[in-house]
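This report goes through the sheets, cores and ring contacts of the structure shown here.

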Amino acid sequence: VFGPLRASGDEAYAVTQLLGGSALYGSEASLDAFRRLAPEYRVLHLSTHGKADDRAGDYAFLALGVPGDTSTFDKLYARDLYGIGLNADLVVLSACETATGKLRRGEGIVSLARAFSFAGAKSLVTSLWKVNDSATKNLLVDFYRHLHEGRSKDAALRQAKLDFLKNNRDVDANLLHPFFWAGFVAVGDMQPLK
């Protein structure tokens with residue numbers, strides 16, 4: 001059972017303020033809305049729960065809302081992404097375990113990140129382990145701020161990590177542990193957003 005993501009809404013709001021676009025929250029961010037809207041956007045930011053499946057990577061999933069019901073969620077499985085055509089220059093998977101999955105000989109790691117790439121995402125920012133909600137929000141908002149300044153995707157993520165360390169140096173020494181800032185990696189086309 002997943003707990004609330006208290007920083008997720010603030011994260012989505014900050015991203016839309018920096019890049020424009022629109023955000024869906026809670027039960028509005030449904031599986032149907034994703035299938036309908038995702039192919040239309042160049043940047044997709046998914047701030048939700050994620051779960052890898054190391055037995056059968058195609059069953060890794062992101063939790064999405066159920067219209068009219070805030071107590072349950074639908075699952076967007078990695079296998080469901082293979083039939084969706086994305087036109088995204090960047091997909092940010094602000095969720096746990098989105099780059100981890102089942103290693104299949106001859107295919108590589110079967111994960112949510114791989115499925116989004118297969119669906120057409122030109123680049124991704126994806127997580128290697130279970131990440132902290134609040135730290136993720138701070139890291140990714142800075143990532144988008146640096147993207148907005150015109151930096152390449154990898155340079156923006158690197159600078160966001162350095163900012164995180166600098167901003168937390170005198171706040172809480174525990175936040176300097178790589179668990180809080182090193183879990184996200186960028187893959188694919190690293191050119192700046194146009």
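## The antiparallel sheet

In this predicted model, Val-66 stands opposite Asp-69, a residue of strand 4. Strand 3 and strand 4 run antiparallel and are joined by six bridges. They belong to an open sheet of three strands, ordered 2-3-4, in which the pairing is antiparallel. Strand 2 (50–51) and strand 4 (69–77) are its edge strands, each pairing on one side only.

Four strands form an open sheet with mixed pairing, in the order 1-5-8-9. Its edges are strand 1 and strand 9, each of which pairs on one side only. On average, and with direction ignored, neighbouring strands of this sheet are turned by 15° against each other.

Strand 1 and strand 5 are parallel partners joined over five bridges. Within that pairing, Val-43 has Leu-90 of strand 5 as its bridge partner. Strand 5 also pairs with strand 8 (residues 123–127), again in the parallel sense, over two bridges. Here Val-91 stands opposite Leu-124 of strand 8. Helix 5 (residues 133–148) lies across strand 1, strand 5, strand 8 and strand 9, and runs at about 165° to strand 5.

Is strand 1 largely enclosed by the rest of the structure or largely exposed? Four of its five residues are buried, so strand 1 is largely enclosed.

Strand 9 (residues 184–188) contains Ala-186. Setting aside neighbours within four places in sequence, the contacts of Ala-186 are Leu-124, Val-125 and Leu-157. Ser-127 lies 59 residues from Ala-186 along the chain, and the C-alpha atoms of the two are separated by 9.0 Å.

In soluble globular proteins, nonpolar side chains tend to be buried together. The largest nonpolar core in this model has 25 residues, and the members that touch the most others are Phe-34, Leu-62, Leu-76, Leu-81, Val-91, Leu-93 and Phe-116. At least two residues of this core come from each of helix 2 (31–37), strand 1 (43–47), strand 3 (61–66), helix 3 (78–81), strand 5 (90–94) and helix 4 (112–119). Helix 4 supplies the largest share, five residues.

Which residues are in contact with Phe-116, leaving aside its neighbours within four places in sequence? They are Phe-34, Leu-46, Leu-62, Leu-76, Leu-81, Leu-86, Val-91, Leu-93, Ala-121 and Leu-124. Another core, of 21 residues, lies apart from the largest one and has Cys-96, Val-125, Val-131 and Phe-184 among its members.

## Aromatic pairs and charges over rings

The structure holds nine aromatic pairs. In one of them, the ring centres of Phe-143 and Tyr-144 are 5.3 Å apart and the planes meet at 65°, so the pair is edge-to-face; the class begins over 60 degrees. Phe-143 and Tyr-144 are both buried. Phe-179 and Phe-180 also form an edge-to-face pair, with 4.9 Å from centre to centre and 85° between the planes. Phe-179 counts as partly exposed because its relative accessibility is 34%.

One aromatic cluster is formed by Phe-2, Tyr-59, Phe-61, Phe-73 and Tyr-77. The charged end of Arg-79 sits over the ring of Tyr-77, at 4.6 Å from the ring centre.

## Backbone at Glu-97

Most residues other than glycine have a negative phi. Glu-97, although not a glycine, has a positive phi of about 55°.

Key. Residues are numbered from 1 along each chain as its sequence is written. This is a predicted model: local features need pLDDT of at least 70, side-chain atom pairs count only at pLDDT 80 or more; totals for chains, interfaces and linings use all residues. Side-chain values use heavy atoms; hydrogens and water are left out. Rings of Phe, Tyr and Trp (its six-membered ring) pair if their centres lie within 6.5 Å; planes under 30 degrees apart count as stacked, over 60 as edge-to-face and the rest as tilted. Buried means under 20% relative accessible area, exposed over 50%, partly exposed in between (1.4 Å probe, protein chains only). A charge sits over a ring if NZ of Lys or CZ of Arg is within 6 Å of the ring centre and within 35 degrees of the ring normal. Contact means heavy atoms within 4.5 Å. A nonpolar core is a set of buried Ala, Val, Leu, Ile, Met, Phe, Trp, Tyr and Cys residues joined through side-chain atoms within 4.5 Å. Two strands pair if DSSP finds at least two bridges between them. Axes are lines fitted to C-alpha atoms, for helices over the stretch in contact, and angles run from 0 to 180 degrees between N-to-C directions.
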